[in-house]
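This report describes the architecture of one protein model, from overall totals to single residues. The sequence and coordinates are shown first.

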Amino acid sequence: MGIDDPAPEALPVRNSRFRPSGRHRSQHQLSVPPEAPALVLAVPGAESPESNEVAAGVAAAARASCPGVTVRYGYLAGAGQRLGPVLAGFHSEDGVPCAVVVPLVICPDAEVEAALETAVAAGSFPVIVAKPLGPHPVLAGALHTRLSEAGLARVDQIGQMSIATAAEGVLVAALGGAEALSVAGTVAVLLAARLILPVAAASLGDRASISEATGQLREAGVRRVALAPCVIGPEYSPAALATVAAEAGLESGRMLGAHPAIGQLTAMRYGAALQDPQLVGRAGLTDRPGRAGRPGPADQPGRADQPALANLARLADALRRTDPPDQAGPPGPADLPGLTGRHA
C-alpha cells in the first residue's frame, strides 16, 4: 500500500453490553416494560402432536429469553388452536398493539404470508407482524448441533468425535424459492467457517437444486455429503425430508425443531419488530384497527391514532435502552448456550 492510499476501514467491533452479575445471569435475555405486547408464534399448517411439541418448545425458549412477556402460539390451518382466536384473546391498551406475531419459518413463504394476513385481517386486534427467522448466525450453530447429533460433524472445534465418522462436506437446504436459496447460502458460509469443510446451499423443495449442489460438492472431491435441513419442522414433514435425502444419496441431520436457538431467535425478532418504524407504521394503529400490513386510504398520514403511536414509540424507546440481543452484533458461543455442540 502506497503512502497516498487511504487507510483501510476498521473492522466492526462488537460493543460491550451490561451483563448482570450472579450465577444465574443470562446473556441473551431481552428486558421489556410491563406494557409490552404478547409474543405469538404463527405456526404453519394444522395442529398435530409433533407440531405441538415443536411449538411448545420454541415458546418455552422464547419465554426464557424475554421474561415477563406473554408467549403463545396458534396455527394457520386446520381446526385446532388457530391463530385468529389466540390473537382475539388479547386486548389492546392505550392503542398499543396487543401482540407481535412471529412466523415460525426460516424463510419467507408465500403460503404462510397469505394465511397470516388472512388471520390478522379477520380480527379487530392491532398487531405487528415480524419477519421470518432467517438468516442469522445462530442458525449455523443450531445446524452444527443437529449434524453432530447424527454423527455427521465434530462436536466442537477441538474434536470430541472421530473425524473419520464425520461428513466431508455439507449441503444446507432451506425451504422456498430464490429467497430461501439466498438464506441457505448465507447460513452455509457461516457453517463452513465453523466446520472448516466445503458447504453448499440448495432449495429443499427443488430437486434440481439439491442435485446440482450435491454435484458441486462431489466434483470438489467430497465423498460423504451430509444434508443439513434449515427448516424448523411444522412447515415440512420428516417423511418428505427422508425422501429428498434418499433420492440424493445423502445422510441427513434432523430438522431444527425446538432447538433453543430457535426460541432465542424468535425473541430477537420480537424485539426488533417493536423497534422497526416500518413495521410499527403497519401495526393497524389507524381508523381500521384490524388491518395490519396493507396500508390503504384510511392509513394516510394525519389519520393515524396519534396517542397510540406515541405510546408505542415510548415502548420502542424503552426497548432500545435495554439493548436487545439483535442490536449487539452476531452472538457467539458465549451468548447462546448449546450452540457449540451440546445437544438441545
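Helices (H or I, at least four residues) and strands (E, at least two) are taken here as DSSP runs, numbered from the N terminus. The model is predicted: local features need pLDDT of at least 70, side-chain atom pairs count only at pLDDT 80 or more, and totals for chains, interfaces and linings use all residues. Residues are numbered from 1 along each chain as its sequence is written, and side-chain values use heavy atoms, with hydrogens and water left out.

**Overall composition**

The protein contains 10 helices and 8 strands. Of its 344 residues, 49% count as buried, where buried means under 20% relative accessible area, exposed over 50%, and partly exposed in between (1.4 Å probe, protein chains only). The accessible surface amounts to about 16200 Å², and 54% of this belongs to carbon and sulfur atoms; the areas come from the Shrake-Rupley method with a 1.4 Å probe, and for residues only the protein chains shown count as cover. Contact is defined as heavy atoms within 4.5 Å. Among contacts between residues at least 6 apart in sequence, 76% join residues at least 24 apart.

Two strands are said to pair if DSSP finds at least two bridges between them. Within the sheet, L39 has V71 in β2 as its bridge partner.

Helix α1 (residues 49-65) has 17 residues and reaches 24 Å from its first C-alpha to its last, close to the 24 Å expected at 1.5 Å a residue; the expected span is 1.5 Å times one less than the number of residues. The buried residues of α1 are S51, V54, A55, V58, A59, A61, A62 and S65. Viewed down the axis of α1, these buried residues fall within an arc of 165 degrees, so they line one face of the helix; the arc is that of the directions from the helix axis to the C-beta atoms. An α-helix has 3.6 residues a turn, so residues three or four places apart point the same way. The face of α1 turned away from the buried side carries the exposed residues P49 and E53. The buried residues of α1 pack against β1 (38-43), β2 (71-75) and α8 (260-275).

Strand β5 (residues 169-174) is mostly covered, with 6 of its 6 residues buried. G169, L171 and A173 point one way from β5, V170, V172 and A174 point the other way, and all are buried. In β7, the bridge partner of V172 is A228, whereas A173 stands opposite A202 in β6. The table lists strand pairs with their sense and bridges.

| Strand pair | Sense | Bridges |
|---|---|---|
| β1 and β2 | parallel | 5 bridges |
| β5 and β7 | parallel | 5 bridges |
| β5 and β6 | parallel | 5 bridges |

**Individual residues**

T214 is situated in helix α6 (residues 207-219) and is buried, with a relative accessible area of 6%. Leaving aside neighbours within four places in sequence, T214 is in contact with L171, A248 and L250.

Y236 is found in the loop between β7 (225-229) and α7 (238-248). Y236 is buried, at a relative accessible area of 14%. Beyond its neighbours within four places in sequence, Y236 is in contact with L175, L204, V231, L241, V244 and M255. Y236 and L175 are 61 residues apart in sequence and 8.2 Å apart in space, C-alpha to C-alpha.

Two further loops hold backbone features. P135 is in the loop between β4 and α4 (137-149), and the peptide bond from G134 to P135 is cis, with omega near -10 degrees. I196 is in the loop between α5 (178-195) and β6 (199-203). Phi of I196 is near 55 degrees, a positive value in a residue other than glycine, and I196 counts as exposed at 63% relative accessibility.
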